Amino acid sequence: MSGKVLQLSQKMPAARRRQIAPNGVIGITVFCLTETMFFAGLISAHTLFRMQTTATDGWPPPGQPRLPIEETALNSAALLASGVFLFVAHQRYRAAASTAMRPMLASLFLGAFFVIFQGVEWVALLGEGLTMTSSAHGGFFYLIVGMHAIHAAAGLLVLGWAYLRLRRAELVLSQLLTVEIFWYFVVLLWPILYWRVYL
Amino acid sequence: MTALACAVCYAAKDDASQLAFLIMTGFMTGLPLLLLGAGIYWVVRRMRRLEEQERVAEAPAPTAD
């Protein structure tokens, strides 16, 4: 019996193992999908709170400052431009790796501008009385925008790491793709958060 | 008669809030299904493309005659 099984297995062609994507790409994609659900939960809770508050007291809640919509729109444009520059860096990397350095550096600077500007905005809002404990509005604002800022800061670190590797001609395509997927997640998530939290 | 253990009965006292609960329930139910579906679609499409590339690579080169 065992001899027959052995014979059969010898006749059957060996199953091919294909790697559909680099491990880093699969790992970061799964991570981004779980983070999408995390932010979806926050957005959902915030939307319910906002609808209830708007119906009873109006929006923003009484005694709470108005969020800086126009300034943040400018900041959002900087973050979106950062994503575009990273896309350009990817295209250039495929043509000639050394030519990707400038657009990648531009992406890094615009991302850093976004995070620093967010910090400046927070200081101003704290001065106006919007804190984590001033109201549920403040709590939601700092939680949602703060979680995004943590992701953006982490994204800047990995972008910086990728840039340094690129300068030393050590960056491989799978590493660039992994960093890109995370940064695109940070960039594309922001307009949704801006729409739900600020507008 | 209301059941206060239910979030919709307790918190959604007006039409706008009830609509928000309804939309967010649909959103939180549909999003993971959409993400999983997109992931499966991508894996299947990628597998097919790799198979196609292997088939082309393994095909015998055309002869001159």
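**How the chains pack**

Modeller: Helix H2 (residues 23-56) of chain A and helix H2 (residues 15-58) of chain B have axes that come within 9 Å and cross at roughly 175°. That makes H2(A) roughly antiparallel to H2(B), a label given to angles over 145 degrees, whereas angles under 35 degrees count as roughly parallel, 65 to 115 as roughly perpendicular and the rest as oblique. Axes here are lines fitted to C-alpha atoms, for helices over the stretch in contact, and angles run from 0 to 180 degrees between N-to-C directions. Helices (H or I, at least four residues) and strands (E, at least two) are DSSP runs, numbered from the N terminus.

Biologist: Before going on, what kind of model is this, and how are residues numbered?

Modeller: This is a predicted model, in which local features need pLDDT of at least 70 and side-chain atom pairs count only at pLDDT 80 or more, while totals for chains, interfaces and linings use all residues. Residues are numbered from 1 along each chain as its sequence is written, and chains are lettered from A and ligands numbered from 1 in the order in which they are written.

Biologist: Which residues of H2(A) and H2(B) meet?

Modeller: On the H2(A) side they include A:Leu33, A:Met37, A:Ala40, A:Ser44, A:Leu48 and A:Met51, and on the H2(B) side they include B:Ala20, B:Phe21, B:Met24, B:Phe27, B:Met28 and B:Leu31; two residues are in contact if their C-beta atoms, placed from the backbone, lie within 7 Å. By class, this contact of H2(A) with H2(B) has 15 nonpolar, 5 polar and no charged residues, where Ala, Val, Leu, Ile, Met, Phe, Trp, Tyr, Cys and Pro count as nonpolar, Asp, Glu, Lys and Arg as charged, and the others, Gly among them, as polar.

Biologist: And how many residues does the contact take from chain B and from chain A?

Modeller: The contact takes 16 residues from chain B and 13 residues from chain A. On the side of chain B that touches chain A, H2(B) gives the most, with 14 residues, and that side divides into 13 nonpolar, 1 polar and 2 charged residues.

Biologist: What does the secondary structure of chain B come to?

Modeller: Chain B has 2 helices and 0 strands, and 6% of its 65 residues count as buried, meaning that 20 or more other C-beta atoms lie within 10 Å of a residue's own; a residue with 12 or fewer is exposed, and one in between is partly exposed, with C-beta atoms placed from the backbone.

Biologist: Switching to chain A, how many helices and strands are there?

Modeller: Chain A has 6 helices and 0 strands, in the pattern α-α-α-α-α-α along the sequence. Its radius of gyration is 23 Å, well over the 16 Å that the globule rule gives for 199 residues, so chain A is more spread out than a compact globule; the radius is taken over C-alpha atoms, and the rule is 2.2 Å times the number of residues to the power 0.38. Along the principal axes, the C-alpha atoms of chain A fill a box of roughly 80 × 50 × 20 Å, and buried residues make up 25% of the chain.

Biologist: Where is the largest nonpolar core, in terms of the elements that give residues to it?

Modeller: Helices H3 (69-95), H4 (101-127), H5 (136-167) and H6 (173-198) of chain A each give two or more residues to this core, which has 25 residues, and H6(A) supplies the largest share, 9 residues. A nonpolar core is a set of buried Ala, Val, Leu, Ile, Met, Phe, Trp, Tyr and Cys residues joined through C-beta atoms within 7 Å. Among those with the most contacts inside it are A:Leu159, A:Ala162 and A:Val179, and A:Val179 touches A:Val158, A:Leu159 and A:Ala162, not counting residues up to four places away in sequence.

Biologist: How do H2(A) and H6(A) pack?

Modeller: Their axes are 10 Å apart at an angle of about 10°, which makes H2(A) roughly parallel to H6(A). The residues of that contact divide into 11 nonpolar, 7 polar and 2 charged.
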